[in-house]
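Me: Let us go through this model by question and answer. I will ask for one value or name at a time.

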Amino acid sequence: MTRYHRFLAVVPWRDIEAVVVWATKKQMERPIRRIGLKLRPGMPDVPGPDVKISPQLAARAAPHIEYPVVRNNRVIAFWKVDPTRLAAAVRAFAPHVQLRVHPVRRLRPGQGDGPGYAGGPGYGSGGSIFDIMP
């Protein structure tokens, strides 16, 4: 558990502009699902495995997702996101927050590859998640 404790983050709803859910898939691989936050201007990044990812690597790994969201993301591993229930929670607790759920994006061969790439941002960081507080 201590391995994931360093990535634990409590983010108040008031600091969030958008919650973004997406997945990327290479040929013959299972999709890698992610959830990320677009924070309000001036808010510090969420501690995590991708906080120092370069814009170039982020663009190769998830070209359709904004760079700040990629920096503030978690891999969805060992749990699932129900988009309907997530939308209901966002409407109930933070109606000012956008929810964006993207379809699986297929990456072209070679896309996302590069130095330090092992399946994308945060790959192998485990099933850590954000605690979003009212």
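Me: Which residue has a side chain in polar contact with the side chain of Arg34?
Reply: This is a predicted model, in which local features need pLDDT of at least 70 and side-chain atom pairs count only at pLDDT 80 or more, while totals for chains, interfaces and linings use all residues. Residues are numbered from 1 along each chain as its sequence is written, and side-chain values use heavy atoms, with hydrogens and water left out. A polar contact is a pair of N or O atoms within 3.5 Å; within protein, one must be able to donate a hydrogen and the other to accept it, and residues adjacent in sequence count only if both atoms are side-chain atoms. For Arg34, the pair lies at 3.3 Å, and the partner side chain belongs to Asn73.

Me: How far from Arg34 is the nearest side chain of opposite charge?
Reply: Arg34 sits in strand β3 and is buried (under 20% relative accessible area; exposed is over 50%, partly exposed in between, with a 1.4 Å probe and protein chains only). Lys and Arg count as positive and Asp and Glu as negative, with His and the chain ends not counted. A salt bridge takes a side-chain nitrogen of Lys or Arg within 4 Å of a carboxyl oxygen of Asp or Glu. Arg34 has none, and its nearest side chain of opposite charge, Asp50, is at 4.6 Å.

Me: In what order do the strands of the open sheet run?
Reply: Strands (E, at least two residues) and helices (H or I, at least four) are DSSP runs numbered from the N terminus, and two strands pair if DSSP finds at least two bridges between them. β4 (73-75) and β5 are the edge strands, each with a single partner, so one side of each has no neighbour in the sheet. The sheet has 4 strands with mixed pairing, in the order β4-β3-β2-β5.

Me: What is the average twist from one strand to the next?
Reply: Axes are lines fitted to C-alpha atoms, for helices over the stretch in contact, and angles run from 0 to 180 degrees between N-to-C directions. From one strand to the next, the average is 15°.

Me: Over how many bridges does β2 pair with β5?
Reply: β2 (residues 16-25) has 9 of its 10 residues buried. With β3 (residues 32-39), β2 pairs in the antiparallel sense over 8 bridges, Val20 being partnered by Gly36 and Ile16 by Leu39. With β5 (residues 98-106), where Val19 has Leu99 as its bridge partner, β2 pairs in the parallel sense, and the number of bridges is 7.

Me: At about what angle to β5 does helix α4 run?
Reply: Helix α4 covers residues 83-93 and lies across β2, β3 and β5. Its angle to β5 is about 155°.

Me: What is the N to O distance in the salt bridge of Glu66 and Arg100?
Reply: Glu66 is in the loop between α2 and α3 and Arg100 in strand β5, 34 residues apart. Glu66 is partly exposed at 32% relative accessibility, and Arg100 is partly exposed at 24%. For Glu66 and Arg100, the distance is 2.6 Å.

Me: How far apart in sequence are the parts tied together by Arg71 and Asp45?
Reply: The closest N and O atoms of this salt bridge are 3.0 Å apart. Arg71 counts as buried at 16% relative accessibility, whereas Asp45 is partly exposed at 31%. Arg71 lies in helix α3 (residues 67-71) and Asp45 in the loop between β3 and α2 (55-61), so the separation in residues is 26.

Me: How many salt bridges does a search of the whole structure find?
Reply: One of them joins Glu17 and Lys38, with closest N and O atoms 3.6 Å apart. Glu17 lies in β2 and Lys38 in β3, so the pair ties together parts 21 residues apart in sequence. For the whole structure, the search gives 4.

Definitions and conventions:
Contact means heavy atoms within 4.5 Å.
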